[in-house]
There are 2 protein chains.
Amino acid sequence: MDETPTGAPGAETAANAPQKGTVTHRAIEQIKAMIAGGRLEPGQRLPTERDLAARLGISRSSMREAIRALTVLGVLEARHGSGIYVTQLEAGDLLETFGVVADLSRGPRLVELLEIRRVLESTATALAAARITDDQLSEVEKHLTAMNATDDPEEILAHDLAFHREIAAAAGNETMAAILEGLSSRTFRARVWRGYQEEGAFARTRREHAAIHRALAARDPEAARASAAAHVGEVEEWLRTQLRAVP
Amino acid sequence: MDETPTGAPGAETAANAPQKGTVTHRAIEQIKAMIAGGRLEPGQRLPTERDLAARLGISRSSMREAIRALTVLGVLEARHGSGIYVTQLEAGDLLETFGVVADLSRGPRLVELLEIRRVLESTATALAAARITDDQLSEVEKHLTAMNATDDPEEILAHDLAFHREIAAAAGNETMAAILEGLSSRTFRARVWRGYQEEGAFARTRREHAAIHRALAARDPEAARASAAAHVGEVEEWLRTQLRAVP
DNA sequence: TCGGTCGTAGTGGTCGGACCACATCGGTGG
DNA sequence: CCACCGATGTGGTCCGACCACTACGACCGA
């Protein structure tokens, strides 16, 4: 796959790629390649930092930077005193960084993100309407009633998040659920939500949630898609006018 | 705002976390917070590694790991000999890592990713049908004809990618375009595409591309959405049967 | 004066070593 | 048999040195 058996008695394995970018970048690519190539399975333990560094012929410092980067990306997981492991490479592991995108985006980007969320959320809700089990539905209802039973913004937000999370989970596409999770991350949600709810949108939000739940209970994908799209669309439109007013 | 007059373990220093996780993790959060809080603008130059390390009271090594991680995430950009800068925080900068997700996903995850691509691609194509300019349309046509004029798989793939890239760009949602870009990254596309095209799907692909182009030229969003969904759906369905056959 | 050249200071990139904090496992003694 | 404890190995942190590159200004020749 990547060997270059050209002479070179000294170096054997992995000693290819002349000198692209930084050595750390090279190390990152090597490890990613090992995983993509199946030489490292999810959950498997890697050699020690010192070993890895020696194998690629770089210092431990540089190797640590590479490992740290992959850790932040959700590809690796370092356990102090134990070792370095490949994550399960589940959607949740890898897409956690999606929240960073949402948190650092501003202005027009926020609207774009909401547009994407509208598309995905409506699709997920439609799928959920067709697949949701009774247990999952009752879980959704739990958060719905809890959300309507309090007026503590923090609590409302928490149940709101859980409400949509349950629906996304019921859609059966973990990757989609993970992305939606990122698009609803605490900070992102808080930034937009705060202003939105301050304008007395509680009642409207409540109606929209009720409509979504009704569609789910009726197992009506079309109604579910429409109500979810409208729900996100309301926030989206509000944000759009906000940006127009205060550019 | 947040001076740290050396030492003083008593802890004051506006806005600082006690001692969660690793110091590197703390540094990452601090820098992210600085950007999210507007204290660091896109394109702005950061203090030197040595300075930053001193300010947060950590070693340069740890600070370097933090910077490296943020660099890989597309938040920062290090220029050898010059300094460290905040990226423009455009969709492309931050979502580059999305390609990693696509490259490392396997099995059922691949289908999920294609499902997401189908949803987003069809939406983007529909939007493009309503907004595309004549110039952009001719650009799309260029890649379409070039794609049909050769039988070199590599070249076909390149023009295929460009074809969809142009359409995504015409949709006017940079973030969506960036995500789709990641979902069509070279390696991801190559892994799925290769097998798909080996089964003589060229003709079918050609027809589907023609249909998409026709819808765009007619400025017909509905037709565009349908043809794009069908296009991705074909690949998706093929992959689904593949996984069923060889689990 | 103008233009290019060359030093030099400052920056990120790399390295090696040292020590600390924690997890794990085996042996020990009850 | 179990609880304890120490040894060992691992990642986490720090330090100091040096290299490679960039930026900028002083210098020199035309």
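User: Taking buried area as the accessible area (1.4 Å probe) that two parts lose on being put together, summed over both, how much do chain B and chain A bury between them?

Analyst: This is a predicted model, in which local features need pLDDT of at least 70 and side-chain atom pairs count only at pLDDT 80 or more, while totals for chains, interfaces and linings use all residues. Residues are numbered from 1 along each chain as its sequence is written, chains are lettered from A and ligands numbered from 1 in the order in which they are written, and side-chain values use heavy atoms, with hydrogens and water left out. Carbon and sulfur atoms carry 64% of the area buried between chain B and chain A, and on the side of chain B the residues losing the most are B:E65, B:R68 and B:L104, together 17% of what that side buries. The area that the two chains bury between them is about 3800 Å².

User: Why do the copies meet through the same surface?

Analyst: Counting contact as heavy atoms within 4.5 Å, 44 residues of chain B touch 44 residues of chain A. The copies meet through the same surface because the share of chain B interface residues that are also interface residues in chain A is 100%.

User: How are α6(A) and α6(B) oriented to each other?

Analyst: Helices here are DSSP runs (H or I, at least four residues) numbered from the N terminus, and their axes are lines fitted to C-alpha atoms over the stretch in contact, with angles from 0 to 180 degrees between N-to-C directions. Helix α6 (residues 108-131) of chain A packs on helix α6 (residues 108-131) of chain B with axes 11 Å apart, at an angle of about 125°. Angles under 35 degrees count as roughly parallel, over 145 as roughly antiparallel, 65 to 115 as roughly perpendicular and the rest as oblique. The two helices are therefore oblique.

User: How many nonpolar residues does the contact of α6(A) with α6(B) have?

Analyst: The contacting residues include A:I116, A:V119 and A:L120 of α6(A), and B:I116, B:V119 and B:L120 of α6(B). Ala, Val, Leu, Ile, Met, Phe, Trp, Tyr, Cys and Pro count as nonpolar, Asp, Glu, Lys and Arg as charged, and the others, Gly among them, as polar. Beside 2 polar and 2 charged residues, the nonpolar ones number 8.
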